[in-house]
Amino acid sequence: MSETPPIPPSRRDFLKIAWAFFGGLALLETTGIFIAYLQPRLTEGEFGSIINAGLVDDFPLNSVTHISNGRFYIVRLGDGGVLAVYHRCTHLGCTVPWDATAQKFICPCHNSQFDQQGAVENPPAPRPLDLFGVSIKDGQINVDTGNLIERQTFETAQVVYP
Amino acid sequence: MTEETPTPEKEDSMLDRMRERLVPDAMPVDDRGRMRMVVDSLVLHLHPPKVIASTMNWTHSWGLGGLSALLMAVLGLTGVILQNNYTPAPPQAYLDILEINSNVWFGELVRNLHHWSANLLIIVAVLHLIRVFATGAYRPPRELNWLIGVAMLLLIVAANFTGYLLPWDQLAFWAITVGTSIINYVPLIGNWLGQLILGGPEVGANTLLNFYSMHISLIPLMIFGLMMYHFWRVRKDGGLTQPKKLDEVEPPKVERVTTIPHLLRRELVFALGAFALLLVFAMLVPAPLEGIANPDVSPNPAKAPWYFMGLQELLLHFHPLVGAIILPSLAILGIFLLPFFDINLNSVGIYFRSHRGRSLTVLAIGMALILTPIWVLLDEFVLNWSLWLPTWDTLLSNGLIPLAIILIPIILLDEWTVKFFHADTEERVLFVATFLFTAFVVLTIVGIFFRGPGMALYWAWNMPIASH
């Protein structure tokens with residue numbers, strides 16, 4: 001039995017492969033440019049950037065305050081800790097109002113309920129209310145609304161202390 | 001032999017020559033001239049010179065494809081002139097709608113026409129698909145045109161959905177918020193995709209601009225292209241399927257008539273009548289408009305657009321991944337694949353395939369009408385998977401397990417049609433598809449009319465007024 005020597009690709013095959021390769025590359029590049037171009041644009045001082053919520057001492061202990069332009073609540077816990085809770089329901093995106101008498105967040109759309117820390121008390125919400133990154137400097141609360149933190153449960157590590 | 005008399009050369013005036021080029025001297029009176037006219041004209045060329053007479057039967061096609069095309073034309077024209085009075089930026093967008101309604105000549109009528117045509121188009125396009133399915137008209141060689149049709153239906157829904165946001169009122173804002181939140185449940189890329197479509201983390205100025213641009217450019221362009229392809233394929237596939245009666249042994253006699261005047265006259269009269277009805281409706285019923293969008297206050301209940309209410313109803317019963325992603329994807333895939341496993345050519349043109357097919361259709365509709373509300377009530381008041389299986393992941397306990405339990409009766413019903421009715425493949429396809437579609441319609445009706453504040457069940461005639 002004689003082994004057939006491997007046939008080198010003909011000039012025609014080589015050109016075919018080269019065309020396909022560079023054509024595919026061009027397609028990938030243009031798709032990348034297209035998608036990158038469509039990425040959300042951000043404006044300084046608006047939702048999506050770092051938003052100043054005010055002095056930490058202006059929020060009484062055990063209070064929930066809505067910061068409308070930042071779309072979040074500043075939750076001041078009993079021990080002085082601070083959470084910035086996104087006001088958007090994790091189920092289908094409705095705005096969740098704070099019910100002061102029931103001491104709960106109650107979503108008007110599908111009746112999801114969350115406690116003060118944002119943990120789920122009543123489904124259909126699949127996870128607690130999302131948080132934003134909080135930093136406190138010189139008593140000022142700064143909330144990074146571009147830094148959305150999804151969580152499965154409430155943990156004390158999520159709380160920021162002044 | 002008579003001597004040839006040279007005809008005197010008459011010089012046409014420039015106006016005469018223009019007229020000759022642009023309009024025919026007169027309508028042709030003989031068949032040959034009429035067929036010539038169809039072949040020579042760009043628009044009429046979408047039709048063949050002759051059509052099979054029986055395909056024009058009103059009760060065979062119900063004129064649904066033509067009505068869809070008419071509505072597209074109305075939407076294109078009204079849409080273009082609505083743009084002249086609209087700015088795609090909040091809050092001006094809302095103020096512009098108020099201006100159109102109060103201060104623009106016929107502004108409210110044009111907006112109403114656009115709004116109602118768009119909503120009607122979804123219904124008519126779905127009915128058109130049902131007609132094609134019921135007469136088996138997607139069978140070879142028409143599979144490709146079915147695919148194009150389904151793709152157009154999806155684009156029509158996309159056009160409706162992007163247009164829904166443009167008035168920038170509470171209704172628009174929250175329907176789009178709820179509708180687009182579903183995207184976040186797509187595995188892995190959900191959040192990224194949602195941000196890309198919304199132009200940010202939530203519905204806002206960028207979303208309005210994105211939706212506007214899609215609504216007026218890419219989507220209509222794609223629909224127009226597919227429409228032309230669809231029409232051309234109808235002609236390539238030999239026109240509409242011929243209607244056939246049950247138990248018809250002899251192949252139906254093929255009688256062909258010229259497109260002009262037989263088909264064209266019908267089309268024009270039908271279009272005129274349909275447009276007149278549409279106009280009257282648009283004059284009498286105003287398109288809804290609520291207060292300006294307020295991201296801080298969700299209305300209760302917050303509902304998606306009506307054509308997504310069946311989907312939203314599923315979301316109330318299943319984990320979002322199952323209800324909003326897996327089930328709809330399977331449904332769309334199934335609809336696309338229909339013409340590739342339902343291929344019996346004997347019953348093409350017969351409504352509901354056969355005697356047995358007709359009985360099974362009635363049975364499927366009846367069972368879906370009974371079983372679906374029972375299931376909705378059971379799931380609302382009795383079943384509570386996440387409570388019974390507290391340690392399980394909700395995707396399992398509230399998603400895949402209920403899904404499996406739903407599938408069992410459907411499989412049993414399918415087996416039953418084979419055992420007791422000796423149904424063949426095409427009749428089983430007919431039974432299962434009719435059952436699932438009817439169930440979806442019931443879910444949509446429940447969502448639209450029987451869901452009130454907090455998405456709780458209410459009687460439609462006893463519904464508390466929504467708070468805004």
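Visitor: What makes the meeting of the side chains of A:Arg71 and B:Glu202 a salt bridge?

Guide: In this predicted model, local features need pLDDT of at least 70 and side-chain atom pairs count only at pLDDT 80 or more, whereas totals for chains, interfaces and linings use all residues. Residues are numbered from 1 along each chain as its sequence is written, chains are lettered from A and ligands numbered from 1 in the order in which they are written, and side-chain values use heavy atoms, with hydrogens and water left out. The term salt bridge asks for a side-chain nitrogen of Lys or Arg within 4 Å of a carboxyl oxygen of Asp or Glu; A:Arg71 and B:Glu202 have an N to O distance of 2.2 Å, so the pair meets the rule.

Visitor: How do you know that the pair of A:Arg71 and B:Glu202 joins two chains?

Guide: A:Arg71 lies in the loop between strand E2 (63-67) and strand E3 (72-76) of chain A, while B:Glu202 lies in the loop between H9 and H10 of chain B, so the pair links the two chains. Across the interface of chain B and chain A the rule finds 1 salt bridge, and over all chains the count comes to 15.

Visitor: What else describes the interface of chain B and chain A?

Guide: The two chains bury about 2200 Å² between them, 51% of it on carbon and sulfur atoms, where buried area is the accessible area (1.4 Å probe) that two parts lose on being put together, summed over both. The contact (heavy atoms within 4.5 Å) takes 29 residues from chain B and 24 residues from chain A. Between chain B and chain A, 11 residue pairs, both at pLDDT 80 or more, are in polar contact, and helix H8 (170-181), helix H9 (190-198), helix H10 (205-236) and H12 of chain B each supply at least two residues of the side that touches chain A. That side of chain B divides into 14 nonpolar, 13 polar and 2 charged residues.

Visitor: Why are H12(B) and H17(B) called roughly perpendicular to each other?

Guide: Helix H12 (residues 309-317) and helix H17 (residues 425-449) of chain B pack at an angle of about 85°, with their axes 7 Å apart. Angles of 65 to 115 degrees count as roughly perpendicular, and H12(B) and H17(B) are therefore described in that way. Among the residues making the contact are B:Met309 and B:Leu314 of H12(B) and B:Phe440 and B:Ile448 of H17(B), and the residues of this contact divide into 7 nonpolar, 3 polar and 1 charged.

Visitor: What makes the peptide bond from B:Asn300 to B:Pro301 cis?

Guide: The bond from B:Asn300 to B:Pro301 has omega near 0°, and B:Pro301 is found in the loop between helix H11 (259-284) and H12 of chain B. A cis peptide bond also joins B:Pro90 and B:Pro91, with omega about 0°, and B:Pro91 is found in the loop between helix H4 (64-83) and helix H5 (92-103) of chain B.

Terms used. Axes are lines fitted to C-alpha atoms, for helices over the stretch in contact, and angles run from 0 to 180 degrees between N-to-C directions. Helices (H or I, at least four residues) and strands (E, at least two) are DSSP runs, numbered from the N terminus. Angles under 35 degrees count as roughly parallel, over 145 as roughly antiparallel, 65 to 115 as roughly perpendicular and the rest as oblique. Ala, Val, Leu, Ile, Met, Phe, Trp, Tyr, Cys and Pro count as nonpolar, Asp, Glu, Lys and Arg as charged, and the others, Gly among them, as polar. A polar contact is a pair of N or O atoms within 3.5 Å; within protein, one must be able to donate a hydrogen and the other to accept it, and residues adjacent in sequence count only if both atoms are side-chain atoms.
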